[in-house]
Amino acid sequence: MGALFMPNLQNAKKALRQSVKHAARNKIVAEELHSLRRNLRKALTGKDAAKAKELAKTLVQKFDKAAKKGIIKKQTAGRLKSRMAQALRALP
């Protein structure tokens, strides 16, 4: 299971299984957000406005959903969306 301890109680065993599953699912979403942000930065430095706007729209939706599910904090999502919008406005 990958834990530091092995639980004795049945409900603790189930809680451990659930937390391992949830952590794996959350990691996938967080990695997807990271790769989308990286692609957006590349589009911004390449001055590809159309691709950047498309990626930004997708990212806003993903940030909101991740914040809603508690994968990232609500304030973190807001801060990252704000910085992204600021970078998009700076494009020619």
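User: What's the radius of gyration here, and what would a compact globule of 92 residues have?
Analyst: The protein has a radius of gyration of 18 Å. A compact globule of 92 residues would be near 12 Å. Keep in mind that this is a predicted model.

User: What box do the C-alpha atoms fill?
Analyst: Roughly 60 × 20 × 15 Å, taken along the principal axes.

User: And how much of the protein is buried?
Analyst: Of the 92 residues, 22% count as buried.

User: How far is leucine 36 from threonine 58?
Analyst: Their C-alpha atoms are separated by 8.5 Å. Along the chain, the two are 22 residues apart.

User: Back up a bit. How many helices and strands are there?
Analyst: Three helices and zero strands. From the N terminus on, the order is α-α-α. H1 covers 10-45 and H2 covers 49-68. H3 takes in residues 74-89.

User: How many salt bridges are there?
Analyst: Two. One is formed by glutamate 32 and lysine 62, with the closest N and O atoms 3.0 Å apart.

User: Which helices does that pair tie together?
Analyst: Glutamate 32 lies in helix H1 and lysine 62 in helix H2, so the bridge ties together parts that are 30 residues apart in sequence.

User: Are those two buried, partly exposed or exposed?
Analyst: Glutamate 32 is partly exposed, with a relative accessible area of 32%. Lysine 62 is also partly exposed, at 30% relative accessibility.

User: What about the lysine 81 bridge? Which residue does lysine 81 meet?
Analyst: Aspartate 64. The side chains of lysine 81 and aspartate 64 meet in a salt bridge, 2.5 Å from N to O. That pair links distant parts of the chain, with lysine 81 in helix H3 and aspartate 64 in helix H2, 17 residues apart.

User: How accessible are the two partners?
Analyst: Lysine 81 has a relative accessible area of 24%, which makes it partly exposed. Aspartate 64 is at 37% and counts as partly exposed as well.

User: New topic: surface charge. Which residues form the positive patch?
Analyst: Lys14, Arg17, Lys21, Arg25, Lys65, Lys68 and Lys69. Helix H1 and helix H2 are the elements that give two or more residues to the patch.

User: Which of them gives the most?
Analyst: H1, with four residues. Take lysine 14, which lies in helix H1. At 45% relative accessibility, lysine 14 counts as partly exposed.

User: Now the loops. What is phi of lysine 47?
Analyst: Near 60 degrees, a positive value in a residue other than glycine.

User: What do residues other than glycine mostly have for phi?
Analyst: Most of them have a negative phi.

User: Where does lysine 47 sit, and is it buried or exposed?
Analyst: Lysine 47 is in the loop between H1 and H2. At 58% relative accessibility, lysine 47 counts as exposed.

User: Where is aspartate 48?
Analyst: Aspartate 48 is also placed in the loop between H1 and H2. Aspartate 48 is partly exposed, with a relative accessible area of 33%.

User: And how far is aspartate 48 from proline 92?
Analyst: Their C-alpha atoms are separated by 9.8 Å. Along the chain they are 44 residues apart.

User: What about the loop between H2 and H3? Where does lysine 73 come in?
Analyst: Lysine 73 lies in that loop. Lysine 73 counts as exposed, at 62% relative accessibility. From lysine 73 to arginine 83 is 16 Å in space, C-alpha to C-alpha, and ten residues in sequence.

User: Last one. Where is lysine 57, and is it buried or exposed?
Analyst: Lysine 57 is in helix H2. At 58% relative accessibility, lysine 57 counts as exposed. The C-alpha atoms of lysine 57 and arginine 41 are separated by 14 Å, with the two 16 residues apart along the chain.

Technical notes:
Residues are numbered from 1 along each chain as its sequence is written. This is a predicted model: local features need pLDDT of at least 70, side-chain atom pairs count only at pLDDT 80 or more; totals for chains, interfaces and linings use all residues. Side-chain values use heavy atoms; hydrogens and water are left out. Patches are made of residues with over 30% relative accessible area and no salt bridge: like charges are joined within 9 Å, nonpolar side chains (Val, Leu, Ile, Met, Phe, Trp, Tyr) within 5 Å. Accessible areas come from the Shrake-Rupley method with a 1.4 Å probe; for residues, only the protein chains shown count as cover. A salt bridge is a side-chain nitrogen of Lys or Arg within 4 Å of a carboxyl oxygen of Asp or Glu. Lys and Arg count as positive and Asp and Glu as negative; His and the chain ends are not counted. The place of a charge is taken as NZ of Lys, CZ of Arg, CG of Asp or CD of Glu. Buried means under 20% relative accessible area, exposed over 50%, partly exposed in between (1.4 Å probe, protein chains only). The radius of gyration is taken over C-alpha atoms; the globule rule is 2.2 Å times the number of residues to the power 0.38.
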